[in-house]
Amino acid sequence: MKKIAEISLGLITAIGGFLEIGSIATSAQAGSEFRYQLIWVLVIGVLGLAFLMEMTGRLAAVSKRTYVDLLRERFGVRFFVIPLIAVFVVSVLVLAAEIGGVGVALQMATGISFQWWAIPIAIVGWLLLWRGTFSIVEQGTAILGLVSIVFAVGVLKSHPDWSAIGRGFIPSHPSQNQARYWYLAVSILGASISPYLYLFYSAGAVEDKWDQSYISINWITAGLGNLFGGTLAIAVLIAAALVFAPAGIHVDKYEQMGLLLASPLGRIGFALFIATLCVTCFGATLELALSIAYLIAQGFGWEWSEDLRPARDSRFATVYSLAIILAAIPAALGLDALMLTNLSMVLTAASLPFTVIPLIALMNDGEVMGIHCNGWFTNTILVCFSLLSIVLFFAALPFQMTGAS
């Protein structure tokens with residue numbers, strides 16, 4: 001029974017990957033501007049995160065150590081500094097965007113500007129991390145995040161053209177505004193396959209004391225979690241294509257997104273959108289703050305665990321405390337939340353090679369993995385995503401400059 005309950009780890013990671021500020025924003029923008037044409041990019045994101053989660057989870061279950069820990073040990077401190085800095089910077093930016101997302105949701109609910117909510121959100125998040133345990137964060141967020149199913153309900157109630165949606169699963173080339181199309185494609189991949197997600201998943205497997213008996217559960221967890229999150233992200237894109245595209249509306253403010261569910265479900269839909277945005281972004285806020293603390297603590301070999309009292313792992317607690325307060329500053333200063341979200345998603349895509357490529361060596365290291373090394377199929381998949389990560393590294397910033405507006 002305990003092993004079946006571990007599926008919540010996959011659900012919370014999938015919610016962080018597909019139903020938070022970055023994915024909601026990029027999916028809504030894609031649907032409003034290109035209708036169903038970018039669904040195929042979300043499918044790649046689902047598959048990419050699922051495979052990376054499965055591999056880092058299997059790595060943790062077999063070795064009983066996290067990916068970050070092994071990355072530092074096997075490649076050395078000098079190499080490890082590069083992914084450490086890259087993942088830290090983009091994670092803090094994404095964390096700032098998530099806090100802004102919660103603030104926007106509260107602004108839509110109360111009329112009080114999002115910047116006034118930034119510090120209170122950070123304090124509440126910090127208190128939950130300071131006083132809570134990993135299971136509370138993991139399972140609580142997964143359960144509350146189920147409210148996001150409302151996006152699927154809204155789409156079904158709108159009776160879309162399923163044949164047109166089906167064509168969106170096939171890669172296409174836009175007839176106009178190609179720079180914007182590929183910019184959104186890069187942003188979607190950055191929102192979907194963010195390094196902190198599989199680093200968090202690996203650390204969570206160690207927190208939950210996985211061993212080799214969890215390998216099958218790991219497959220189910222990674223697969224089911226990403227199928228759940230990815231399906232709902234596609235639902236956001238479809239809803240935007242149905243609501244915004246016919247009216248020629250391009251999403252440039254978060255407040256517009258309330259119409260995604262208000263159109264098919266009325267006032268209750270608007271309220272449920274606010275609840276979904278608030279819950280999923282707050283859950284991602286907790287996940288990101290913990291992920292940053294895991295990254296730093298494991299990278300420097302400190303004692304770490306969300307289940308330990310802060311007095312036992314004071315450096316770990318200090319990192320997530322500083323991270324969440326630092327990330328609240330942009331929102332508190334009134335920095336545009338959507339602009340910050342788009343920038344952080346592109347930079348996240350650019351950071352992927354630093355954590356995806358080294359995974360090839362670790363997943364084929366017999367001393368670490370034993371009989372559970374990658375086979376030819378998983379190696380092929382991992383090499384393909386490594387090549388994709390290199391493409392994103394070189395393409396991300398040019399597309400940011402040419403397609404951001």
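**Close-up views of a predicted helical model**

**Figure 1. Overall view of the protein chain.** For 405 residues, a compact globule would have a radius of gyration near 22 Å, and the 20 Å of the protein chain agrees with this. The radius is taken over C-alpha atoms, and the globule rule is 2.2 Å times the number of residues to the power 0.38. This is a predicted model, in which local features need pLDDT of at least 70 and side-chain atom pairs count only at pLDDT 80 or more, while totals for chains, interfaces and linings use all residues. Residues are numbered from 1 along each chain as its sequence is written, and side-chain values use heavy atoms, with hydrogens and water left out. Along the principal axes, the C-alpha atoms fill a box of roughly 60 × 45 × 45 Å. Buried residues make up 60% of the chain (buried means under 20% relative accessible area, exposed over 50%, partly exposed in between, with a 1.4 Å probe and protein chains only).

**Figure 2. Confidence along the chain.** The mean pLDDT of the protein chain is 88, and 93% of the residues score at least 70; pLDDT is the predictor's confidence in each residue, from 0 to 100. Where pLDDT is low, the predicted coordinates should not be read in detail.

Figure 3. The structure holds two cavities of 30 Å³ or more. On a 1 Å grid over the protein atoms alone, a cavity is a set of points where a 1.4 Å probe fits but cannot get out, and lining residues have an atom within 4 Å of a point. Grid points are joined across faces, edges and corners, and a volume is the space filled by probe spheres set on the points. The volume of the largest cavity is about 50 Å³. Its lining consists of Leu52, Ile193, Leu352, Val356, Phe385, Leu388, Ser389 and Leu392. Helix 19 (residues 376–403) supplies the largest share, four residues. Seven lining residues are nonpolar, one is polar and none is charged (nonpolar: Ala, Val, Leu, Ile, Met, Phe, Trp, Tyr, Cys and Pro; charged: Asp, Glu, Lys and Arg; polar: the others, Gly among them).

**Figure 4. The second largest cavity.** This cavity contains about 40 Å³ of space. Residues lining the second largest cavity include Val68, Phe80, Leu199, Leu295 and Thr355. Helix 6 gives the most, with four residues, and helix 5 (67–75) and helix 6 (77–110) each supply at least two. The lining has eight nonpolar residues, one polar and no charged.

**Figure 5. Aromatic pairs.** The whole structure has 17 aromatic pairs. Rings of Phe, Tyr and Trp (its six-membered ring) pair if their centres lie within 6.5 Å; planes under 30 degrees apart count as stacked, over 60 as edge-to-face and the rest as tilted. Phe151 and Phe273 form an edge-to-face pair, 6.2 Å centre to centre with 90° between the planes. Phe151 lies in helix 9 (residues 150–158) and Phe273 in helix 14 (residues 259–299), 122 residues apart. Both Phe151 and Phe273 are buried. The ring centres of Phe354 and Phe393 are 5.9 Å apart and their planes are at 90°, so this pair is edge-to-face. Phe354 is partly exposed, with a relative accessible area of 26%, and Phe393 is partly exposed at 36%.

Terms used. On a 1 Å grid over the protein atoms alone, a cavity is a set of points where a 1.4 Å probe fits but cannot get out, and a pocket is an open set with protein on both sides within 12 Å along at least five of seven lines; lining residues have an atom within 4 Å of a point.
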